[in-house]
Amino acid sequence: MENNKWDLTYIFKTDKLWNESFDEAKEVIKDIKKYEGKITKSLEGFKQFLKEKEIIDLKVEKLYMYAHLNHDADTSVSKYQEMFSKIQSLYAKYYEYCSFIVTEMKDNKDKIEEYLKDDELKEYRQHFKEVFLRFSHVLSEKEEKILASFSEISQAPYNIFTSLNDTDITFKDVMGENLNDKNFTVFLESKDREKRRIAYENLYEGYKQFSNTYANILSTNVKMNNLNAKLLKYDSARQQSMLQDNIDEKVYDNLVETVNKNLYRLHEYMEYRKNILGLDRLNMYDLYVSTAKNFDVSYTIEEAKEIMFEALKPLGQDYLNILKKCFDEHWIDFTVNDNKMGGAYSSGGYETKPYILMTWKDNLSSLFTLAHEIGHSIHSYYSRHNQTYINSSYKLFLAEIASTTNENLLTNYLLEKYKDNKEALICILNDHLDGYKGTVFRQTQFAEFEQEIHKLDKNGEALTAKRLCDSYKKINEKYYGNNVITDDMISYEWARIPHFYYFFYVYQYATGFSCAVYFANSILNGGKEAVERYINYLKAGCSKFPLEILKDAGVDILNGTVINKALEEFSNKLEVLKTL
């Protein structure tokens, strides 16, 4: 299985070299303090400050990536727990040292605007547009230092959640098989309904047992979000999150409103599933099993790699060359490990590979996860190789588009590959519609819940386990409709969702998927020009605001048309499925 692990020696050859670099960094980060009170004294001094800060940023970023990736590959390894803790503390100290910067820049905004007219600083112009947006939320230097000193503590809820969820919590076995949060979906995909039921009940019994603990963790996270927003003079935590990317809050509200108006489409899909499975009503553990009766496909990792090259061929040879690098240079950790961080992700820095963590399960779901994460990583590769460091990190609002564009291209490829196999088509369409269910409908459901619990806390209501369960259950009932039994067990699902600690991130899965449907259709039907527009989007990084980058690529997310069209396609695909 060694070949199926990622190669982190591209970052540091050994742990010893990491420790040596860490010791250096402890001293290097102090160098930033020499610029206190001097950032804007002269144009040349300003240039030197920006250059030196970038060098320090990159050094600390590499240290963080090595520690965080090793930690996530096996969260039980004590030396990587220690390294991850050390780099988090170092980051917190660095933030504290840097706390004077934003205040000093705010006080000298006019001078900075004059400096930015210099052609040598043109790469920083977009960055400072973003900085200037936040100036009305900058506190005094003393207050900023106090806030910065709490940066490490602010990570505590997520870190505690991760330790509890990925390492400490245990569940009863399912018919002699080990059950954990990472393999739960494998049980839910089983054709054996009794196995699905037992897995479902055993998992949520485990979460129910610790529901008060999970409620305290999540409540603390929400309180910290709301308090931070209040201290920084935002109207809400959501506004603070969205302003970071200059995203109009109407995008969030329009998404929730549009999806709610189209819930009848999801209800129709639930009715289809109920009828195909021969049930009077669906239980929540019936929502993931395929409706295909005689098509049980599996893929080895090597087979999956071959499929990626074929499915993503419409993106052009340059894209495929980068894909080859991904496999040849071992960007991906496919290994199965009970102590591995749950879920899947793409992560890396400007001077590292864009690594991928996932757990390979030989199934169609893993194939789509691979395509999804490759979308993220190649987006990062394009961005980092076409933008300077300061403009290389594409904003979160854009992050889920490239990944789900790949999923849509993979679906198109598989539908063609299996066009003469009825059960295969049912399976693939089932999976595609489940992708909609999980990415557009479910993530909007999460977004609605996240907004509600922040409002409840802001209004002084205690986020007890019961309150969280009641709220979650009510929203779940609305989304899945009368064909699905919303039992008491599903009301504990909020406890296992890591994205509720990602600060209003989940809505972007739904907007991203909707944009991806547009891009995939354009790539497949629009020829070279459409592909070029898309690749330019991948290269753009954060060189413009997200909505501007999308407009350049032909997408206007504000008017709701993109989301509506995506949901119309959901219904169209459902009608095709019904004919099979």
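**Exercise 1.** In this predicted model, state what covers the buried residues of helix H16, and determine which residues of H16 are buried.

*Solution.* 
1. The cover over the buried residues of H16 includes helix H17 (317–328), helix H18 (364–386) and helix H19 (396–417).
2. Helix H16 spans residues 301–311, and its buried residues are Ile301, Ala304, Lys305, Ile307, Met308 and Ala311. Buried here denotes under 20% relative accessible area.
3. Viewed down the axis of H16, these buried residues fall within an arc of 165 degrees, so they line one face of the helix.

**Exercise 2.** Identify the residues with the most contacts inside the largest nonpolar core, and list what tryptophan 494 touches.

*Solution.* 
1. The largest nonpolar core comprises 148 residues; Met308, Ile374, Leu410, Leu414, Trp494 and Tyr537 have the most contacts inside it.
2. Helix H20 (residues 422–458) gives the most to this core, contributing 14 residues.
3. Leaving aside residues up to four places away in sequence, tryptophan 494 touches Ser211, Tyr214, Ala215, Leu218, Phe449, Ala465, Leu468, Cys469, Tyr472 and Phe500.
4. A second core of 48 residues is separate; among its members are Ile39, Met65, Ala67 and Leu69.

Terms used: Residues are numbered from 1 along each chain as its sequence is written. This is a predicted model: local features need pLDDT of at least 70, side-chain atom pairs count only at pLDDT 80 or more; totals for chains, interfaces and linings use all residues. Side-chain values use heavy atoms; hydrogens and water are left out. A nonpolar core is a set of buried Ala, Val, Leu, Ile, Met, Phe, Trp, Tyr and Cys residues joined through side-chain atoms within 4.5 Å. Buried means under 20% relative accessible area, exposed over 50%, partly exposed in between (1.4 Å probe, protein chains only). Helices (H or I, at least four residues) and strands (E, at least two) are DSSP runs, numbered from the N terminus. Contact means heavy atoms within 4.5 Å. The arc is that of the directions from the helix axis to the C-beta atoms.
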